[in-house]
Amino acid sequence: CLFSALPARAEAITETEARVWTQDKGQRLLNAFAETDLKKRYAELDTMFLNFVDLDYISKFVLGKYWRRLNEKEKTDQQLFKRYALSVYKSFPLEFDTSQIEYTITGVRPGKNYADVTANIFFQLGSKPEDKQNILVEFRLNKTGGKLRIIDLKIGESSLILSYRGRFYEMIAQDDEDLGWFMEDLQMITESTEKQNQLKVDEQQQM
């Protein structure tokens, strides 16, 4: 399903450019996590999210069959989906000791109009060798207009955009497949999460 949903304008990606791009962005991400000022950290992560993740493609994919039922204004105005994506990641724990993290690209599998890049992330949780934990991450990249961007992220066997699609379909079903109600619910969820995230920033600024 994901393969068939890839945009027709997607361009071929070489193994070298996929490896270099992912290594560079992975290191930049670790540098962002190392920022202790929460406001600055969020600003850098937002910039990376907007520039290096294809949110337009992802919003279409996660809505799937319901995308065709949106009116033209809803299709062209995707700011709500972007706001939702930017608010959700901030609700996850983002406190890491980046000096104890190793990020290594382990493989690249180029496809016709995408590339899958696998990486190992090692966390040293203690002083003993057995305290080192490994997380396998897989990025799916596409390239349009000469620009590489992420269209999916898998941690272990869990796909980020398939998880989002399952959550959105569940919300739409709860709203009796009324997309107007769904959009209203998404707006409320997004605003609530944004307020909670801002509270965390304000609390740190007051310390």
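In the predicted model, R19 and E15 both belong to helix α2 (residues 15-33), where a spacing of four residues separates them by about one helical turn. Their side chains meet in a salt bridge, with an N to O distance of 3.6 Å. R19 counts as partly exposed because its relative accessibility is 31%, and E15, at 40%, likewise counts as partly exposed. Side chains of opposite charge can pair when their charged atoms come close. In total, 13 salt bridges were identified.

Another of these pairs consists of R149 and D54, whose closest N and O atoms are 3.5 Å apart. R149 is located in strand β4 (residues 147-155), whereas D54 occupies the loop between α3 (38-52) and α4 (55-63); the pair therefore ties together parts that are 95 residues apart in sequence. Both R149 and D54 are buried.

A salt bridge also links D116 to R140, with 2.6 Å between the closest N and O atoms. Because D116 lies in strand β2 (residues 115-124) and R140 in strand β3 (residues 132-144), this pair ties together parts that are 24 residues apart in sequence. D116 counts as buried at 4% relative accessibility, as does R140 at 10%. Through shared partners, salt bridges join D116 and R140 with R109 and E138 into one network.

Apart from neighbours within four places in sequence, the residues in contact with K90 are Y42, D46, N197 and K200.

How values were computed:
Residues numbered from 1 in each chain as written. Predicted model: local features only at pLDDT ≥ 70, side-chain atom pairs only at ≥ 80, totals over all residues. Heavy atoms only, no water. Contact = heavy atoms within 4.5 Å. Salt bridge = Lys/Arg side-chain N within 4 Å of Asp/Glu carboxyl O. Helix = DSSP H or I, 4+ residues; strand = E, 2+ residues; numbered from the N terminus. Buried < 20%, exposed > 50% of the residue type's maximum accessible area, 1.4 Å probe, protein only.
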